[in-house]
Structure formats: C-alpha cells, structure tokens
Amino acid sequence: MHTNQNDEKNYYDILEVTQTASADEIAAAKNRLAKKFHPDTNLQYGIDTTEQMQEILEAYRILSDPVSRADYDQSLQGHRSSMQTFDLKEEDTASEDASFVTCWKASGHLYELILESEELFRSHNRTSRLTHLSMQALKDILVLKEAQIPEQYWYPDIMNWLLFKWYQNRNFTVPYLLTLYDEYTKQEMKAVDRLKLQHRVNRFCHALKRLMKY
C-alpha cells in the first residue's frame, strides 16, 4: 500500500501530525494510534482494524526515516523525485552531492564501531579487535573533523536530522546546518527531550573517548 499526493489522505494525515512534525512527534503519534487501532484490541468488539494498522505502520516506516521522508515530501509538492537512497555499506559515488552523505556515513559507521567496542569492554574481551576498531574509528573521526562538524553532533539521531535538512537544500553549508539544528532544539524540542538526547550524546562521546584511549 502506498499513499500519494492524489489520495484523500497522506502519511502525515494518517499519523495525525503536521508536515513539520519532529521525529519524536511522529514516533509518539505512531505509538498512540497503534495502541488505538491494534487488531487484537478491536477484534473482541467485532471490528477489523487491520487495514488502519497497516496504514499507520507504512506511514511511520516512511516518515521515520529522514531520507525516505525527504523523498516523500518532494512527491507531495508535485516534484519529480530524484532522491538517492544512501547506504552505509556502499562506497561514496563521484557525485559532488555525496559531500554531506560522506559525513553521515562516517558517523553511522563510527556508531557501529562504538557499539561493538562497548560489547567487548563489557565482556572484558579486550583483544586486538579493539585496536582494530580504534584504527577504523580514527578514519571516520578525520572525515567528520575535516568537515568541521564538532563531536557533539556526531550522534546518529542528530546526523539524520542534518542529512534531512541538507537534502532539502544542498547549498546549505555545514555551519549553517549546525545553526539550524541548534535553533530547532531550542525552539521546537521539549526540554525533557533535549535532556534525554543530551544524555545519549554524552554516553556516545564517553564511549568514543574510551575506544580511542585503548
């Protein structure tokens, strides 16, 4: 099932959010509606809500991913989409449009390395694998530093947001993107959500320092 701009409802309508909704708002809307329309809950009353549930999950699948959401937003505006799908496992293309994607990939790969290293630290399995991970991490760190992206922005949730904004306007410079993000967190993010995110960022930075010291 795919909803397009000619349908009565679009994905934002299905989740009952605006087109400027944040990732947290989209997730909260999905959870609220899924609870309301879950088939197991409604079948006891003789109501089949399977179709509504499928619509909710499909809308969330598209809108929760910054790349597919940008693509979908373009389709709503009636523009022909030229959206690339970015894969952490693929090599960078020669296209100049891959500039920020390179940074996004580096941050995603760095996060994967940190997750693996933390598991090794927890299991006290401090083998040569950690040395290998730290060497790989250094390559990603150099990419991000060369792009002048400070460490506190390397966390995946933040880099996803930056990628989404960059795709909307590829003329945005890195300093401007960071400014947009800072304004977003101050003006649109709830204080409790800012604190939760900052806690995750702090853990990420601490884990990174731990790996690089090994």
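**Helices, cores and loops**

Mentor: In helix H10 (191–213), the buried residues are Leu197, Val201, Phe204, Cys205, Ala207, Leu208 and Leu211. Buried means under 20% relative accessible area, exposed over 50% and partly exposed in between, with a 1.4 Å probe and protein chains only. Helices (H or I, at least four residues) and strands (E, at least two) are DSSP runs, numbered from the N terminus. The model is predicted: local features need pLDDT of at least 70, side-chain atom pairs count only at pLDDT 80 or more, and totals for chains, interfaces and linings use all residues. Residues are numbered from 1 along each chain as its sequence is written, and side-chain values use heavy atoms, with hydrogens and water left out.

Trainee: What covers the buried residues of H10?

Mentor: Contact here means heavy atoms within 4.5 Å. The cover of the buried residues of H10 includes H6, H7, H8 and H9.

Trainee: How far apart are the end C-alpha atoms of H10?

Mentor: The expected span of a helix is 1.5 Å times one less than its number of residues. H10 has 23 residues and should therefore span 33 Å. The separation of its end C-alpha atoms agrees with this, at 33 Å.

Trainee: Which element gives the most residues to the largest nonpolar core?

Mentor: A nonpolar core is a set of buried Ala, Val, Leu, Ile, Met, Phe, Trp, Tyr and Cys residues joined through side-chain atoms within 4.5 Å. The largest one has 43 residues, of which Phe100, Leu110, Ile149 and Leu162 touch the most other members. Two or more residues come from each of helix H5 (66–76), helix H6 (99–122), helix H7 (128–146), helix H8 (156–168), helix H9 (174–187) and helix H10 (191–213). The element that gives the most, with ten residues, is H6.

Trainee: Which residues does Leu162 touch?

Mentor: Residues up to four places away in sequence are not counted. The residues that Leu162 touches are then Phe100, Leu177, Leu178 and Tyr181.

Trainee: At what angle do H8 and H9 pack?

Mentor: Axes are lines fitted to C-alpha atoms, for helices over the stretch in contact, and angles run from 0 to 180 degrees between N-to-C directions. The axes of H8 and H9 are 10 Å apart, and the angle is about 115°.

Trainee: How many nonpolar residues are in the contact of H8 with H9?

Mentor: H8 brings Ile158, Trp161, Leu162, Lys165 and Trp166, and H9 brings Leu177, Leu178, Leu180, Tyr181 and Tyr184. Ala, Val, Leu, Ile, Met, Phe, Trp, Tyr, Cys and Pro count as nonpolar, Asp, Glu, Lys and Arg as charged, and the others, Gly among them, as polar. By class, the contact has one charged residue, no polar ones, and a nonpolar count of nine.

Trainee: Is Gln148 buried or exposed?

Mentor: Gln148 is in the loop between H7 and H8. Its phi is positive, about 60°, although it is not a glycine. With 61% relative accessibility, Gln148 is classed as exposed.

Trainee: What separates the C-alpha atoms of Gln74 and Gln168?

Mentor: Gln74 lies in helix H5 and is partly exposed, with a relative accessible area of 22%. Gln74 and Gln168 are 94 residues apart along the chain, and their C-alpha atoms are separated by 8.9 Å.

Trainee: What percentage of the residues in the chain is buried?

Mentor: The secondary structure comes to ten helices and zero strands. Of the 214 residues in the chain, the buried share is 39%.
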